[in-house]
There are 2 protein chains.
Amino acid sequence: MLLVLDGLGDRPVKRGKTPLQLAKTPNMDKLAKYGTNGITYPLGPGVVLGSDTGYLSLLGYDPYQFYAGRGILEALGSGVKVYEGDLALRCNFCTIDGKFNVTDRRAGRPDDKTASELGKAIANISTKEFSFIFSHTKGHRGVLIIRSKSASPMVSDVDNHNVGPVTWSKPIDPSDGAKKTAEALNDWLRKAHQILKVHPINKERAKKKLPEVNFVITRGASMLVEGAPLKGATYSGMYGKSVKIQRFEERYGLKAACVAGGALYKGVAKYLGMDVIDVKGATGGFDTDLNAKVASAARALKDNDFVFLHVKATDVAGHDGDWQAKTKFIEKVDKAIAPLLKLKDTIIVVTSDHSTPCALKAHSADPVPIVIWGPEGTVRIDGVNKFDEVTASHGGLGRLSNKEVMPILLGIIGKAPMYGT
Amino acid sequence: MLLVLDGLGDRPVKRGKTPLQLAKTPNMDKLAKYGTNGITYPLGPGVVLGSDTGYLSLLGYDPYQFYAGRGILEALGSGVKVYEGDLALRCNFCTIDGKFNVTDRRAGRPDDKTASELGKAIANISTKEFSFIFSHTKGHRGVLIIRSKSASPMVSDVDNHNVGPVTWSKPIDPSDGAKKTAEALNDWLRKAHQILKVHPINKERAKKKLPEVNFVITRGASMLVEGAPLKGATYSGMYGKSVKIQRFEERYGLKAACVAGGALYKGVAKYLGMDVIDVKGATGGFDTDLNAKVASAARALKDNDFVFLHVKATDVAGHDGDWQAKTKFIEKVDKAIAPLLKLKDTIIVVTSDHSTPCALKAHSADPVPIVIWGPEGTVRIDGVNKFDEVTASHGGLGRLSNKEVMPILLGIIGKAPMYGT
C-alpha cells in the first residue's frame with residue numbers, strides 16, 4: 001500500500017515547524033514508530049519534479065527515459081480518447097486582463113460546474129488543417145487534443161507557471177509541423193478567449209468580483225505515436241521519439257491498482273498498465289471523500305499485490321500558500337488512514353512525490369519523508385517515532401532517491417533479484 | 001583489520017530487535033563508541049548479493065565487472081587444482097527422494113568426515129569426452145571440475161536454492177559445447193546418485209533417520225580461460241569472456257592476507273592475490289576456533305598492511321532461521337575479538353557482506369552496519385555507542401555502498417589519491 005500525499009514536504013511555517021510537524025498525526029506516527037524511516041531526494045538534490053515525473057520516478061521508472069510529456073498522461077487519466085498521431089496538451093483555465101497578461105493561473109479555482117460549462121463552449125473548434133478538442137477534467141484543469149496530419153509535439157508551453165504576459169507557443173524545432181502547430185495553437189487560444197470572455201458565466205463572475213475564466217494556458221505537448229497505449233506495452237511520443245513503457249506488472253511481478261482523484265495520477269497509473277479504480281467522491285480537492293478512497297484502496301488489495309493511493313490536496317494547499325489548510329488536511333488524512341493500520345500481511349509506505357512549500361507556492365527540490373511499515377519482523381524499527389521531514393531524516397533507511405524506493409520494497413517482500421550465489 | 005561477520009544483518013526477531021541488537025557485544029560497542037559508524041547498502045538498495053559478489057564488492061571490486069562465477073572462486077579457495085580450460089562448479093551434497101525431488105538442500109549438514117568419505121566415492125568419474133573430478137571441501141560443500149575440450153561454462157545451475165524437483169542443467173547458449181556439457185553434467189549427477197544411494201554411510205544414516213547424502217546439486221559454472229590466476233594478474237572466464245583482475249596489492253598498495261574458514265572466502269582472497277593463511281580449527285561453522293583465527297589475523301598484521309578476517313556462522317544461523325544461535329554466535333565473536341582492541345596503529349573495521357534474516361532463511365537486500373575504529377585521532381567519534389543495524393544508521397558515515405568502503409579506508413590511512421593541487 002503506497003500512500004502518497006502530493007506535495008507534502010514543506011519548510012518551516014510557524015515556530016520553526018513545517019505543516020507536517022505542526023499537524024497531529026497519531027496514525028502516521030505509529031507507522032514511523034514501528035517502521036523504518038528515511039528522507040528522499042526524489043530525483044537527486046536540486047531537481048524540482050513535476051507531478052508526472054514525480055510519480056513515474058516514485059514507481060521506479062526513470063523519467064529521463066520514460067517521461068512522455070504531461071499532455072498524454074493527463075488525457076489518459078481523464079478518460080479523453082486519444083488516437084495515434086493525436087497531440088495532447090494539459091490545460092489550465094486562467095484569467096487574463098485586457099492586455100493579455102495572466103493575472104491568475106487558475107482563474108480563482110472555478111468549481112467543476114462552472115469550468116465544465118465553459119469547457120463545452122470551446123469543446124470543438126476546427127480550422128482547415130487542425131481539429132481542436134477541448135475537455136474539461138477537474139476544477140481549473142483540462143486537456144486539449146490537437147488532431148491534424150501537420151501536428152507536431154515540438155511546441156513550447158504557453159503556461160510558464162507565472163503570472164504576467166502570455167508567452168505564446170513557439171516552435172522548438174525548425175520543422176514545418178512545429179511552426180504550423182504553434183501558430184494554430186495560438187490562433188485557437190485567441191478564439192477560445194473571444195468565446196469565453198463574452199460567456200454569460202463570466203459576466204456573472206465579473207458582477208460577483210470573481211476572476212473571469214477567460215483564457216486557457218497549455219503545457220506538456222506530447223503525441224501518441226505508436227500503437228494503443230494500454231494493450232500489452234504502452235507507447236508514447238516525446239519530442240518525436242517513441243518510448244516503450246514496460247507495464248508495472250511485467251516489471252515487478254506485482255498486479256497493481258491505483259486510487260486517485262486527479263486525472264494526472266490516474267493517467268500515470270494507466271500509462272503503466274495499472275488498474276485504475278474510480279471512487280465516488282474522489283475529487284482531488286480538500287472535499288475529497290478520504291474514507292471512501294481508503295476503503296476502496298483496502299478492498300483493492302484483495303485482487304492486487306500493490307495499491308497506489310494518491311491524495312492531492314496537500315499539494316493544492318502548498319500552491320495556495322495556505323499552511324493552515326495544509327496542516328488541517330494532513331490531520332484529516334491521518335484520521336482517514338486508521339483502517340489501513342489494521343490490514344494483515346501488508347507493507348504500508350507513506351511518502352510524497354515532492355515538496356510544495358507554502359512559502360514558495362510552487363514545487364521545490366526539498367527532500368520528502370518516507371516511512372515503510374510492515375507486519376512484525378519485516379522491517380527494522382529504527383527509533384524514529386514521528387512522521388515528518390526532519391525526524392525521518394534520522395531514520396534507518398538513511399537518504400534515498402526515488403529510484404531506490406521500489407527496489408527496497410521488493411527487497412522487503414523477498415522479490416529483489418540476487419546477483420551472485 | 002577488516003572483520004566481516006557473514007550475513008550479520010537481520011530483521012526484528014524478538015521484542016522488535018534483531019539478533020545483533022539482542023546480543024551483548026561490549027567489544028563491538030566499544031569500537032562503535034570510539035569509532036565512526038554507518039549503514040551500507042552493499043550494491044545499492046534492493047540488490048541481494050551472493051557471498052562471492054558480496055566480498056568482491058566489499059573489497060572494492062565491482063562485481064558486475066570482476067565477477068567470474070562461483071565455481072572458480074570455490075575451487076581456488078579450497079585448494080583444488082585448476083588448469084586453463086577447466087570448468088569449475090560449486091556443489092552441495094543434498095538429499096533427494098525416489099522421484100528426484102530435492103528434500104534437503106544440504107542433506108542435514110553432514111559432518112566433514114561423512115561428506116569427505118562420500119566425496120571419495122565419486123571423486124573420479126570419466127566418460128569418453130569428459131573427466132569429472134569431485135572434491136569435498138567443508139560440510140555439505142564441494143567443487144566439481146569438468147575437464148574436456150568440449151566443456152563450456154554456458155550451462156544453467158542445478159541448485160535453484162529451493163527444494164522440489166531437480167532442475168537439470170540446460171545449455172544457456174546454442175553452442176555444441178554448452179549442449180554437450182549440460183548433458184554430460186546431468187549424466188554425472190545420475191551416476192553419482194547411483195553410487196551415493198547404495199553407499200554404506202547412507203544405509204547407516206537411513207537407519208538413524210538422518211537425511212541421506214545421496215545427490216549433488218551444482219551452481220556457478222565458470223572456466224579458467226587464460227593464464228595462471230595467481231601470477232601477476234588473474235584471469236577467469238564468465239560466460240566465455242575473460243576478465244582481468246587487478247591484484248589487491250597493485251590496486252591499493254597494501255600487502256594483504258586473509259584468514260577464513262570457508263573455501264569461497266579463501267577463493268575470493270586468492271583470486272585477488274591475497275596471501276591465504278590456513279588456521280587449524282577454522283571450520284566456517286559454529287565450532288570454528290575463533291581465538292585461533294583472531295590470533296592468526298593479529299599475527300598476520302606484522303607482515304601485511306591489510307588483513308581480511310572472515311567469520312561464517314552468523315550466515316549459517318540466518319540460513320537455518322535460528323536467531324538464538326545467531327545471537328549466541330555474535331556474542332562469541334565479540335568475546336574473541338578482545339585482543340584486536342589492544343592492537344597498536346591499527347584501523348579496525350567491523351561489517352558484513354549482506355543481511356541473512358532468520359525470518360527469510362536467505363540473503364536479503366537489507367543494509368548492514370559498519371564501524372571504523374582507529375587509534376586516537378584517526379577517525380571522528382560520532383556519538384554512536386552501540387554496534388547494530390539501527391544505531392549505526394545514525395552514525396557519522398551516513399549511508400554507504402560497498403564500493404565506497406575501501407576508498408574511505410584508504411582516506412583514513414592517508415593513501416587516497418588527490419585530485420587537484
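**Chain contacts and local detail**

Modeller: Only 9% of the interface residues of chain B are also interface residues in chain A, so the copies meet through different surfaces. Contact here means that the C-beta atoms of two residues, placed from the backbone, lie within 7 Å. This is a predicted model, in which local features need pLDDT of at least 70 and side-chain atom pairs count only at pLDDT 80 or more, while totals for chains, interfaces and linings use all residues. Residues are numbered from 1 along each chain as its sequence is written, and chains are lettered from A and ligands numbered from 1 in the order in which they are written.

Biologist: How many residues does the contact take from chain B and from chain A?

Modeller: Chain B gives 35 residues and chain A gives 24. On the side of chain B that touches chain A, the largest share, four residues, comes from helix 3 of chain B. Helices (H or I, at least four residues) and strands (E, at least two) are DSSP runs, numbered from the N terminus.

Biologist: Which strands pair between the chains?

Modeller: Strand 18 (residues 418-419) of chain A pairs with strand 3 of chain B in the parallel sense, over two bridges; pairing requires that DSSP find at least two bridges. A:Tyr419 has B:Leu49 as its bridge partner in strand 3 of chain B.

Biologist: Changing topic, is B:Ala282 buried or exposed?

Modeller: B:Ala282 counts as buried because it has 23 C-beta neighbours inside 10 Å; the threshold is 20 or more other C-beta atoms within 10 Å, with 12 or fewer for exposed and partly exposed in between. B:Ala282 sits in the loop between strand 14 (275-277) and helix 11 (290-300) of chain B.

Biologist: And which residues does B:Ala282 touch?

Modeller: Leaving aside residues up to four places away in sequence, its contacts include B:Ala260, B:Gly261 and B:Lys293. The C-alpha atoms of B:Ala282 and B:Lys293, eleven residues apart along the chain, are separated by 6.7 Å.
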